[in-house]
Amino acid sequence: GAGLPVILSHGCNLDPHDAGFITDVNPEQIAKKLRLLLTDEELRIKMGHAARDLIATHYTWDTVTQQLDTQYKSLL
């Protein structure tokens, strides 16, 4: 939501789409992704915009409550 790219581990079970990376949980892999984001401003900005768009389209209160409502209705 802050417009910043993310670095996620495989275990978090979230898809960052174009807003970041999924990497192994080890210092070398995380450092590699951090270095890439720190040195590639264009990529960082692109992923930051994608992150903001991802939150705006999938994780607003209205969207989440609509998804929950749909799930609850399907269980009834």
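## Close-up views of a predicted model

View 1. N13 is placed in the loop between β1 and β2 (20-23), and, although N13 is not a glycine, its phi is positive, at about 60 degrees. Most residues other than glycine have a negative phi.

**View 2. H17, a partly exposed residue in the loop between β1 and β2.** H17 likewise has a positive phi, near 55 degrees, and is a residue other than glycine. With a relative accessibility of 46%, H17 counts as partly exposed, and the loop that holds H17 is the one between β1 and β2.

**View 3. The largest pocket and its lining.** The space in the largest pocket comes to about 180 Å³, and the residues that line this pocket are G1, L4, V6, L8, L14, D15, P16, A19, A51, L54, I55 and Y59. Two or more lining residues come from each of the elements β1 (6-9) and α2 (41-58), and α2 gives the most, with three residues. By residue class, the lining of the largest pocket consists of 10 nonpolar residues, one polar residue and one charged residue.

**View 4. K33 over the face of F21.** The side chain of F21 is shown with K33, which lies over the face of the ring at 4.6 Å from the ring centre. As for pairs between aromatic rings, the count in this model is zero.

Technical notes. Residues are numbered from 1 along each chain as its sequence is written. This is a predicted model: local features need pLDDT of at least 70, side-chain atom pairs count only at pLDDT 80 or more; totals for chains, interfaces and linings use all residues. Side-chain values use heavy atoms; hydrogens and water are left out. On a 1 Å grid over the protein atoms alone, a cavity is a set of points where a 1.4 Å probe fits but cannot get out, and a pocket is an open set with protein on both sides within 12 Å along at least five of seven lines; lining residues have an atom within 4 Å of a point. Grid points are joined across faces, edges and corners, and a volume is the space filled by probe spheres set on the points. Helices (H or I, at least four residues) and strands (E, at least two) are DSSP runs, numbered from the N terminus. Ala, Val, Leu, Ile, Met, Phe, Trp, Tyr, Cys and Pro count as nonpolar, Asp, Glu, Lys and Arg as charged, and the others, Gly among them, as polar. Rings of Phe, Tyr and Trp (its six-membered ring) pair if their centres lie within 6.5 Å; planes under 30 degrees apart count as stacked, over 60 as edge-to-face and the rest as tilted. A charge sits over a ring if NZ of Lys or CZ of Arg is within 6 Å of the ring centre and within 35 degrees of the ring normal. Buried means under 20% relative accessible area, exposed over 50%, partly exposed in between (1.4 Å probe, protein chains only).
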